[in-house]
Amino acid sequence: MDENMGNGSQNDSSSEESTLRLEPCLEHKVDNYEDLEEELEFDPLLYSSLERYLPDNLLNSSRLIKCQYMNEILLGYSPPSERDHTHKHREYRQKITSNYQPLHKVLYTMHATNFFVPSFLKAISESTEESFRNIMSEPSPGVLTFEMLQPRFCEMMLEEVENFEKWIRETKFRIMRPNSMNKYGAVLDDFGLQTMLQKFMEDFIRPISKVLFTEVGGSTLDSHHGFVVEYGTDRDVDLGFHVDDAEVTLNVCLGKQFDGGELFFRGVRCEKHVNTKTQPEEIFDYSHVAGHAILHCGRHRHGARATTSGRRTNLILWCRSSMFREMRKYQTDFSSWCAECKREKEERIRKNVLFLKSEMRLRIL
């Protein structure tokens with residue numbers, strides 16, 4: 001690679017101001033940048049995700065040219081402090097992956113027929129709203145439930161997490177937990193499962209989200225945060241009321257034996273309305289079933305009740321869209337997906353209609 005690769009320099013193929021296409025070129029086969037990780041400014045998966053948004057004249061260019069072009073864009077959105085954090089996190093991951101020995105190596109690459117139940121794979125192969133609806137229930141608006149993972153996959157993932165935790169205890173390695181709310185659990189991306197989970201999102205979650213979550217960027221999901229959470233009397237007991245840092249969230253129970261731990265949902269809200277009153281029709285509670293998935297908008301307010309016995313472990317995949325997040329910065333009306341914005345909009349329309357009717361009556365009189 002060019003020694004100027006990481007400093008944002010450009011070549012003749014990039015314009016004075018780097019731009020991206022509005023819609024991804026989904027048929028374009030992206031390059032893999034993982035072997036360049038040491039030389040890249042950002043996560044290799046970010047380059048692969050961003051590549052589909054490159055202008056037509058760059059899609060088939062060399063990796064070096066594409067990297068330089070994408071660097072120009074990424075550097076404009078990433079302050080030095082954030083890049084420093086990215087480099088430190090990369091070093092942290094390298095320390096783990098160079099020392100931790102996986103228990104089930106089959107988990108680290110995507111083997112769809114071994115991971116997913118046949119009904120789910122059939123629906124994905126057809127990728128129509130009808131095929132998805134055929135395997136799904138929607139017990140509450142915007143909350144989709146369906147059978148997804150094979151029992152053996154759940155068992156292996158649980159064993160892999162237990163093996164990782166054993167390694168942590170033995171080496172006294174201090175790990176980062178999934179988020180600020182969970183004291184237990186592990187970030188799967190940090191010990192080698194990042195590539196598999198990215199493919200999981202791109203090939204199996206994005207097709208569904210493209211059809212059923214279009215209003216929150218479901219068709220442009222390009223990155224993820226994958227982790228497991230653990231609940232029990234000796235782990236996190238419950239989880240408070242919150243929204244996820246995601247456009248679309250996948251939550252799959254891996255097991256084991258447990259009581260309690262129901263998820264409760266309380267309606268979709270934008271940032272402005274996140275603490276507003278819950279309407280009666282938005283109240284929904286869900287009891288976990290091993291291997292069964294819940295798919296919902298990340299802004300769907302939810303929490304988890306106390307796990308009263310046993311231990312419950314869930315695989316969580318926060319799916320994100322950089323394009324949707326960028327567009328959201330310039331929006332003020334989120335009535336297409338925020339229930340409170342929609343109610344406010346409907347109320348404004350109702351008042352305007354009443355005003356016009358009264359005006360018309362006065363003119364007639």
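A word on the model: it is predicted, so local features need pLDDT of at least 70 and side-chain atom pairs count only at pLDDT 80 or more, while totals for chains, interfaces and linings use all residues. Residues are numbered from 1 along each chain as its sequence is written, and side-chain values use heavy atoms, with hydrogens and water left out.

**View 1. E340 and R343 pair up within helix α10.** The two form a salt bridge with their closest N and O atoms 3.3 Å apart (that is, a side-chain nitrogen of Lys or Arg within 4 Å of a carboxyl oxygen of Asp or Glu). Both sit in α10 (residues 339-364), three residues apart, or about one turn of the helix. Helices here are DSSP runs of H or I with at least four residues, strands are E runs of at least two, and both are numbered from the N terminus. E340 is buried, at 16% relative accessible area.

**View 2. D35 reaches R63 through a salt bridge.** Here the closest N and O atoms are 2.9 Å apart. D35 lies in the segment before α1 (44-51) and R63 in helix α2 (residues 63-77), so the bridge ties together parts that are 28 residues apart in sequence. D35 counts as exposed, at 54% relative accessibility, whereas R63 counts as partly exposed at 25%.

**View 3. R269 and E282 meet in a salt bridge.** The N to O distance is 2.9 Å. Both residues belong to the loop between β8 (263-268) and β9 (284-286), 13 residues apart. R269 and E282 are both buried.

**View 4. Helix α5 crosses helix α8.** The axes of α5 (residues 118-126) and α8 (residues 194-212) come within 10 Å and cross at roughly 65 degrees; axes are lines fitted to C-alpha atoms, for helices over the stretch in contact, with angles from 0 to 180 degrees between N-to-C directions. F120, L121 and I124 of α5 meet D203, F204 and I208 of α8 (contact means heavy atoms within 4.5 Å).

**View 5. Q198 sits in helix α8.** Q198 counts as buried, at 5% relative accessibility. Its side chain makes a polar contact of 2.6 Å with that of H224 (a pair of N or O atoms within 3.5 Å; within protein, one must be able to donate a hydrogen and the other to accept it, and residues adjacent in sequence count only if both atoms are side-chain atoms).

Notes:
Buried means under 20% relative accessible area, exposed over 50%, partly exposed in between (1.4 Å probe, protein chains only).
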